[in-house]
Amino acid sequence: MANRLVAGTFDAESYWRDESLARLPALRDRESERIVLAMDELLFPLCGSGDALLTRFAMEESHKTYLSKIGFSFTHFNLNGKNAEPNLFKTLAGSEARDENYSAYRYLSPFSIVPYTHAAAAQYGFKTELPSLEAVKSVNSKIYSTQLSEKLLGETRGKPVYSAEELSVFGLELLETHGPTLIKDPYGVSGKGNMLIQSKTALDRTAAYIRKQEENGRSAAFVLEPYLEVESDFSCQFEIMQGGAFRLVSLQKILNRQFAYLGSVSMEKEEQNTLEKNGYFDIMEQAAWSLYRDGYFGPVCIDSMTLRDGTLVPIVEINARQSMGFINHHLDQVLGRNGKKGLLTFRSIGFRERVDYEGWLNELKRQDILYPNQKGNGIVPLSSAALLANAPTLDDEAAPESGGYYKGRLYMSIVSDDDMERERYLDRLRLIFERRGGKWHS
């Protein structure tokens, strides 16, 4: 029997969040939402021999062929992207007839536990043991991570607030004592759900926005934190086994820009040794045990940081699921066969006409920037569906509305010997897109 079926959704937080909770101000971007739906293709590095990846949208055949050539071999299935539910597991659980393609696999390996994950596992008779959805929701809340930090370390910089009034009172205290203040949604994600407040006027405006929602029957729950001077962000990936045992997987340095995730790179051994001397891994094991006692087991990614004054902050946020850090670790395991490792990152792309993906790959090869190039380095394209998520179909070449650009996102791993080489690859990649009439967002 085949081994695992790997699947998932990258907007798990939206399914964990109680719809009755008040929200911070935010603009909706439907094109970005569609790109997130296509990001499940990034799970291919988690597939081992005999595993399959199930995605919402099709991946380009030329992309899969390329990945196979460089060491990533996996069976691929995709749902009908137009008719499938946003939650892929809901589609699986609702299938009246079991698809024997999926039934051939023994285990389900989800990116995260969301509604219908358990039902999908039952529908296909997967042997996977999963924590309860309620436990998953609980430990992924930023309120939980704030309280756990206080429990394990005796201190926390965050303060949960449960009303617009508390937001006003404690927010003003933080502004007066620490200056710029962060308001965090309990289930906010990278680049969304965090608001930086730098004045009483902005605080009052936000509190009024929340108060209006309370008047309409919603309840408030946020975390207030002082805005900190960060020297470096990093994350720890580990597994909590079913019996509670801790298994360290990797440490990843994180690139962020204005609260938004920009990339991951595996941490050097010397930096890991410094963390070990500072008792970091002891704290991670204690956190894992607390998560287990609260009903969770499986993959965990804990975000941490070091401040400019040298202070180590071990627990910033808890992601009780797979993560970009896990993905980059598995990418590096394959690249490591050639003595290489990469920087996982992405760029947002705009284009007026559908990209010929195979032709684009061939051009990268001609320009000697496709991995492996003559030096054994180069760019590993990780996404095709996310790049083309908003593109017109092959038989519909209508221009974007208002003469604009279709939005796409190119995820990639950049294998280079130094930062200068990495920037040269990115500059060439940008020129290739711009020569094709595309728009490159740095």
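Biologist: By class, how many nonpolar, polar and charged residues are in the lining of the largest cavity?
Modeller: Keep in mind that this is a predicted model. The lining of that cavity has 5 nonpolar, 2 polar and 2 charged residues.

Biologist: Which residues line the largest cavity?
Modeller: You'll find G8, T9, F10, V36, L37, D40, R56, P86 and L88 around it. With the classes used here, Asp and Arg count as charged, so D40 and R56 are the charged pair in that list.

Biologist: And how much space lies in the largest cavity?
Modeller: About 50 Å³. If you count cavities of 30 Å³ or more, the structure holds 1.

Biologist: On to the backbone. What do most residues and peptide bonds look like there?
Modeller: As a rule, most residues other than glycine have a negative phi, and most peptide bonds are trans. Against that background, look at the bond that joins Y371 and P372: it is cis, with omega at about -10°. P372 sits in the loop between α14 (357-366) and β15 (378-381).

Biologist: Where is D368 found, and what is its phi?
Modeller: D368 is in the loop between α14 and β15. Its phi is positive, about 60°, although D368 is not a glycine.

Biologist: Is D368 buried, partly exposed or exposed?
Modeller: Buried means under 20% relative accessible area and exposed means over 50%. D368 has 25% relative accessibility, so it counts as partly exposed.

Biologist: What about Y116: where is its place, and what is its phi near?
Modeller: Y116 is in the loop between β4 and α6 (117-123). Phi of Y116 is near 80°, a positive value in a residue other than glycine.

Biologist: Why does Y116 count as partly exposed?
Modeller: Because its relative accessibility is 40%, and partly exposed covers what falls between the buried and exposed cut-offs.

Conventions
Residues numbered from 1 in each chain as written. Predicted model: local features only at pLDDT ≥ 70, side-chain atom pairs only at ≥ 80, totals over all residues. Heavy atoms only, no water. 1 Å grid on protein atoms, 1.4 Å probe; cavity = no way out; pocket = protein on both sides within 12 Å on 5 of 7 lines; lining within 4 Å. Points joined across faces, edges and corners; volume = space filled by probe spheres on them. Helix = DSSP H or I, 4+ residues; strand = E, 2+ residues; numbered from the N terminus. Buried < 20%, exposed > 50% of the residue type's maximum accessible area, 1.4 Å probe, protein only.
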